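Here is the note on the model that you asked me to look over. Please read the points below alongside the coordinates.

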Amino acid sequence: RPTPSGAAVPGRLATSQGANKGKRAVAAQPLAASVVTETPTLTPAIAPAAPPAARPPVVDAPRRRGGGRGAGEHAAWKSVRQERWEGALELEGELPLWLDGTYLRNGPGLWNLGDYGFRHLFDGYATLVRVSFRNGRAVGAHRQIESEAYKAAREHGKVCYREFSEVPKSDSFLSYVGQLASLFSGSSLTDNSNTGVVRLGDGRVLCLTETIKGSIVVDPDTLDTLGKFEYTDNLGGLIHSAHPIVTDTEFWTLIPDLIRPGYSVVRMDAGTNERRFVGRVDCRGGPAPGWVHSFPITEHYVVVPEMPLRYCARNLLRAEPTPLYKFEWHLESGSYMHVMCKASGKVVASVEVPPYVTFHFINAYEEVDEDGRVTAIVADCCEHNANTDILDKLRLQNLRSFTGQDVLPDARVGRFRIPLDGTPFGELEPALDPEEHGRGMDMCSINPAHVGKEYRYAYACGAHRPCNFPNTLTKIDLVEKTAKNWYEEGAVPSEPYFVPRPGAVEEDDGVAISMVSARDGSAYALVLDAKTFQEVARAKFPYAMPYGLHCCWVPRNSNA
Ligand SMILES: CC1=C(/C=C/C(C)=C\C=C\C(C)=C\C=C\C=C(C)\C=C\C=O)C(C)(C)CCC1
Ligand SMILES: [Fe+2]
């Protein structure tokens, strides 16, 4: 049956009123077509195109379908059960009236193809969630992003592109040869943009992953997939950082060079699709660049991390996942931090630092002496104690089998100090006692007005132990070196996203919004007062919502 998007998905239509029957639900404005397109319980989240007998043999033994309703499995790790939904959300508490705009959250929400369950959290097809706030009310929605990878999987009932740990299974030697060829061209890599979502300075909203082809433009109101974001330059490359730094006027990103190990630092003006080359950083260690999921900038510099967890072209080609997926650990190669001047593209510092593992930089800023000269760069990140175990812990099987044992590896706020005076070494120390946030630390945000500048507060996910995944929200005070924590038994909260109050002067004047998947299968957008870190409201979805990664905020009429 066609859904409003035209996609054929098995299921039934129900109005949001039906879904919310008997509850105190208030619509922000009349919703013409508020629909649930739901798949019946325990049927595939995506219908296979052909009956199993007609499908080519599967090389890998199919894993038991994850995402079932098995007791003990948390809803955070189960595939979203509908292709799309929109409706008014039931409110508990009072939303601030100034909160006027749309919170968007991206993430890998669909980990099943028929009976086949994906392995890793990062493999899932992208699910975009929206919560629009207006006049103290909230309307929610979600929708699958229509990447080529997702559309092909839906059509053929199998993985057709190379995901984080999943690869297409060849059914013949010829198709294997074809796959190898497509791999070298990059065309077999996924465009499943399941990682970040950013609002560009010109108002376009982009969903992103680490492949350049996985930059997809979406409509923040309808959640329609509008098409590929085509970069009109000739910079090439297959992968980039999943987290560009975006301001009202520009977009900075890093493009790793896997052939001649290094990174291109590039910049794109708002309103254009053309990235411009700013400069190149050569790697100090080998055999490949370190993984750059994110990086920080300051007012005048771009910080380029080179960690010993490095890309591995061979692992990109492998049919079965290796222990570190597309990466390899090269402790002997050293760990480095490089600093490039934004204006000249020159590398002004390149220092060796203690080994580290990070996905997410929090922020960076310049340290100046009494004459106003920049003497060092301070860069903070969510650091996993130089331990790659976290990648294995994020396998779905591990996430779904929490037995009460404390298995989440320790993490901290790692603070780098990179001197600009030619000293060959930089420092890496915890910015505060990690016990303050339960030794869990990832998925961070800060007040956007402080990007690249001195700052005091960061919002992130921390831990209340024992746990197998970050299960608290934490507000870090980097001056007092303390944390305020939010915790609810059985809750799996996603990145707390800071939204400033319009006109705010103080850094923490605003709210932190997080989507929470609760143990009882419910899900809600939690709004915390960023100053006190106390709950002000929750807007409840009438169905379970899987875990998601990153968010952005689109203020109302920001483009008018
Ligand atoms: C890495 C490559 C690819 C895919 C990357 C994807 C899909 C996502 C990466 C997401 C990350 C690193 C998220 C980190 C989350 C950390 C958490 C929740 C930590 C919690 C710990 O306490 C492609 C697209 C397959 C291409 C090759 C490289
Ligand atoms: Fe990320």
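1. Conventions. This is a predicted model, in which local features need pLDDT of at least 70 and side-chain atom pairs count only at pLDDT 80 or more, while totals for chains, interfaces and linings use all residues. Residues are numbered from 1 along each chain as its sequence is written, chains are lettered from A and ligands numbered from 1 in the order in which they are written, and side-chain values use heavy atoms, with hydrogens and water left out.

2. Surroundings of the ligand. Around ligand 1 there are 22 residues, of which Phe 122, Asn 194, Glu 210, Ile 390 and Pro 470 come nearest; a residue is near a molecule or strand if one of its heavy atoms lies within 4 Å of it. On its own, ligand 1 has 710 Å² of accessible area, and the protein covers 99% of this (Shrake-Rupley method, 1.4 Å probe; for residues, only the protein chains shown count as cover).

3. The shell around ligand 1 is made up of 11 nonpolar, eight polar and three charged residues, where Ala, Val, Leu, Ile, Met, Phe, Trp, Tyr, Cys and Pro count as nonpolar, Asp, Glu, Lys and Arg as charged, and the others, Gly among them, as polar. At least two residues of this shell come from each of β24 (358-368) and β28 (442-445); strands (E, at least two residues) and helices (H or I, at least four) are DSSP runs, numbered from the N terminus.

4. One open sheet. Four strands form an open sheet in the order β11-β12-β13-β14, with antiparallel pairing (two strands pair if DSSP finds at least two bridges between them). Its edge strands, each pairing on one side only, are β11 (196-199) and β14 (225-228). Between β11 and β12 (residues 205-208), which run antiparallel, there are four bridges, and Val 197 has Cys 207 in β12 as its bridge partner.

5. Another open sheet. Here too the strands number four, in the order β15-β16-β17-β18 and with antiparallel pairing; β15 (245-246) and β18 (275-282) are the edge strands. Two bridges pair β15 with β16 (residues 250-257) in the antiparallel sense, and Val 246 stands opposite Phe 251 in β16.

6. Cis peptide bonds. Gly 286 and Pro 287 are joined by a cis peptide bond with omega about 5 degrees, and Pro 287 is found in the loop between β18 and β19 (301-306). The peptide bond from Arg 465 to Pro 466 is also cis, with omega near 0 degrees; Pro 466 lies in the loop between β29 (457-462) and β30 (472-477).

7. A positive phi. Tyr 325, a residue other than glycine, has a positive phi near 60 degrees, and this residue lies in the loop between α4 (313-317) and β21 (327-329).
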